[in-house]
Amino acid sequence: MGVFYPKMSTKPNPTTPVITLTSDFGLADAYVAAMKAAILRQAPNARLIDVSHQIPPQDILFGAIVLERAIDAFDPGTIHLAVVDPGVGTARKILIAQIHSQTIICPDNGLITWTWRKWKGGRVRELTWRPRQPSRTFHGRDIMAPAAGMLAAGKSLESIARKPAKPILLPQAPMKRGADTGEIIYIDHFGNCMTNIPRTALASPRCNVLVGEINIGRIRKTYSDVEIGQPLALFGSADLLEIAVRGASAARELRLRIGDEVRLQ
Amino acid sequence: MGVFYPKMSTKPNPTTPVITLTSDFGLADAYVAAMKAAILRQAPNARLIDVSHQIPPQDILFGAIVLERAIDAFDPGTIHLAVVDPGVGTARKILIAQIHSQTIICPDNGLITWTWRKWKGGRVRELTWRPRQPSRTFHGRDIMAPAAGMLAAGKSLESIARKPAKPILLPQAPMKRGADTGEIIYIDHFGNCMTNIPRTALASPRCNVLVGEINIGRIRKTYSDVEIGQPLALFGSADLLEIAVRGASAARELRLRIGDEVRLQ
Amino acid sequence: MGVFYPKMSTKPNPTTPVITLTSDFGLADAYVAAMKAAILRQAPNARLIDVSHQIPPQDILFGAIVLERAIDAFDPGTIHLAVVDPGVGTARKILIAQIHSQTIICPDNGLITWTWRKWKGGRVRELTWRPRQPSRTFHGRDIMAPAAGMLAAGKSLESIARKPAKPILLPQAPMKRGADTGEIIYIDHFGNCMTNIPRTALASPRCNVLVGEINIGRIRKTYSDVEIGQPLALFGSADLLEIAVRGASAARELRLRIGDEVRLQ
């Protein structure tokens, strides 16, 4: 792995590394601020960007999708701290992964899955640094946030992590290529229902999209290709097929849920 | 328009321009972070301040009121990015407006209305800059955020926008001056109900306020002018008449909704 | 009090003081941004960290606990702005407290209670600075935020505050030491139920924990000491006894509420 941050040295402002935060901590308690304090203690100049703290509690798949979206959005050299950690206090490892020229620090519980698959793997190590007295219940604050800060402050990866680790991955969502059948894997704030069907799965741009019994019609380019209140299928900002309703929530209007089957015909 | 940012050059810290963000994206998904990444790519030193990402989905009026409050709060030179954009993918324009010595970038769908009326207009141009391949579904990330970053980084307005545009405005809330009758236009987190009645509409400081059948009494100066649990009318931080209940939610206690009529008598 | 910020001068980056924000303002309206604008007007280089804006409306006890957690997390020299202020517009004072080498600005209504008790008091003054025309309804924006910014910008405490004030404290939660009986005082985002029982109250590490009729068993070290779905008692990140359910919400599963009695046996 040698020089771990080749891109960072080329950044215009190396003194303000960007660290993003993703968690299921919610925003009511002081947990997120406690992680930020721990980062700033190591890297007073780090720029902190919240991705989401409203991952549903302990929902690793939701967190994995949001984390992949964050890595897709940010530039080389960015450090991402992701904490959805139902196994805190167990022997589960903590990972430092270098994927797509960015660094991810997260528990080894599948949270890296989407990022790993999207960019076809990367270099993964196990974080071995530990504080003298970490709590048993809040490794985000006590271990992962300080580690993110250390890397941002220029500490070498080798000094806090050891030999490549193989990350735990969530089972692949059952996209059956032959049958062009996928499923709803994520529902966003607007009620748009993202499937696991990529653009490359399309046999023809003119195929119809079916959700259960509902024929959504052919794939559209944008919401305004249908009337307000009408359902449509389109490729969203993640470049995956989405089921939407123009001007409303598809999840509510069509009563869709994560796991519902979506077919191309 | 010539020199667009005369005030910015007088700011103490021109290398850290302030960009605020207002949207209906919610905080669970990675959408807001994706906009921030796009801004930072253009302006690594920009200071990003969230105004709200909990505008109710596609509620342009709510967004317009919050945006006006942001412009009221910030200093000359601030750049405001506001994205409530049900028309994304249609031919709707994107505006760059200079109002009250600040800059607003938003879709041309009425979102500028409150700011425009409060400061009696301003200079508005149409954003013409486009990336090579914008998505059809996320112009906040692909067009508006980069444009905000470009302006923050010192790019000239003329290079990314063209000739004055006339903004689309929402219909004026029907404040009938003669009858001193207005309506509830906004309900905040505390359940305080803001009306469209300005201080200047008062014929007398001793008039009574009526909401439907309920006589709220005369206008008070602060919450503690009534007992806990009692309703009151007062001028809130936006200098518009508000209906409140001391120590509780007026919306819930009095069963008030947006559009309910409020009279001065 | 003399030199008020002895620690700040030793900080690596004195030009970017940290100011945290805690309030019950929610995130939908522009209230939080208005406070930030007021801070930045005084201290353009301040680093702003949100602790929580989802304190339940006017819930001073919840705010006091979150504020103590923030002070526990941050370094000497940090300034904390906390606004849960049902008494805005009354004669209630505004405090500037120096506790645990940090500064707290908040209304004098008990919000300081937990911080005060945890660190056994501190130095408290009354903020006397006022703007020319403060509103009667938003002292967070008009008085407290500017004061936080002034201190961050290096203004002396003496110039804006006067002689020691004695803070108002909330009544102590009725932890009966002899009987080893406490109560649930805070329920977090995960449904973990924090009690007012500190580690020092334990007569023996092998005692059982009882919540109402439910015997939770002995105190565990971490969530994974029980099976998924099982309840447990453990010392959480605040070092107070918590009732949890592994992988679920104890509040929901065990139907617990703030005020429920918890006994050690």
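Predicted model: local features only at pLDDT ≥ 70, side-chain atom pairs only at ≥ 80, totals over all residues.

Analyst: A polar contact is a pair of N or O atoms within 3.5 Å, where, within protein, one atom must be able to donate a hydrogen and the other to accept it.

User: What makes the pair B:Arg41 and A:Asp75 a salt bridge?

Analyst: The rule asks for a side-chain nitrogen of Lys or Arg within 4 Å of a carboxyl oxygen of Asp or Glu. The closest N and O atoms of B:Arg41 and A:Asp75 are 2.7 Å apart, so the pair is within the cut-off and counts as a salt bridge. The count across the interface of chain B and chain A is 1 salt bridge.

User: Which element of chain B supplies the largest share of the side that touches chain A?

Analyst: Helix α1 (residues 31-42) of chain B does, with 7 residues. By class, that side of chain B has 15 nonpolar, 7 polar and 6 charged residues.

User: How much area is buried between chain B and chain A?

Analyst: The value is about 2,500 Å², and carbon and sulfur atoms give 53% of that area.

User: Why is the pair C:Asp75 and A:Arg41 called a salt bridge?

Analyst: Their side chains meet at 2.7 Å, N to O. The limit is 4 Å, so this Arg and Asp pair qualifies. Between chain A and chain C, the count is 1 salt bridge, and 12 residue pairs, both at pLDDT 80 or more, are in polar contact. Helix α1 (residues 31-42) of chain A gives the largest share of the chain A side, 7 residues.

User: How do you know that α1(C) and α4(C) pack together, and what describes their arrangement?

Analyst: Two packed helices are described by the angle between their axes and the distance between the axes. For helix α1 (residues 31-42) and helix α4 (residues 139-152) of chain C, the angle is about 40° and the axes are 7 Å apart. The crossing of α1(C) past α4(C) is right-handed. Among the residues that meet are C:Ala34, C:Met35 and C:Ile39 in α1(C), and C:Ala145, C:Pro146 and C:Met150 in α4(C).

User: What makes that helix contact nonpolar, polar or charged in its parts?

Analyst: By class, it has 7 nonpolar, 3 polar and 1 charged residues. C:Arg141 in α4(C) is in the contact, and Arg counts as charged, so C:Arg141 belongs to that class.

Technical notes:
Residues numbered from 1 in each chain as written. Chains lettered and ligands numbered in written order. Heavy atoms only, no water. Axes fitted to C-alpha atoms, helices over the stretch in contact; angles between N-to-C directions. Helix = DSSP H or I, 4+ residues; strand = E, 2+ residues; numbered from the N terminus. Left-handed = near helix turned anticlockwise from the far one by under 90°. Contact = heavy atoms within 4.5 Å. Polar contact = N/O pair within 3.5 Å; in protein donor to acceptor, adjacent residues only side chain to side chain. Buried area = accessible area lost by both parts, 1.4 Å probe.
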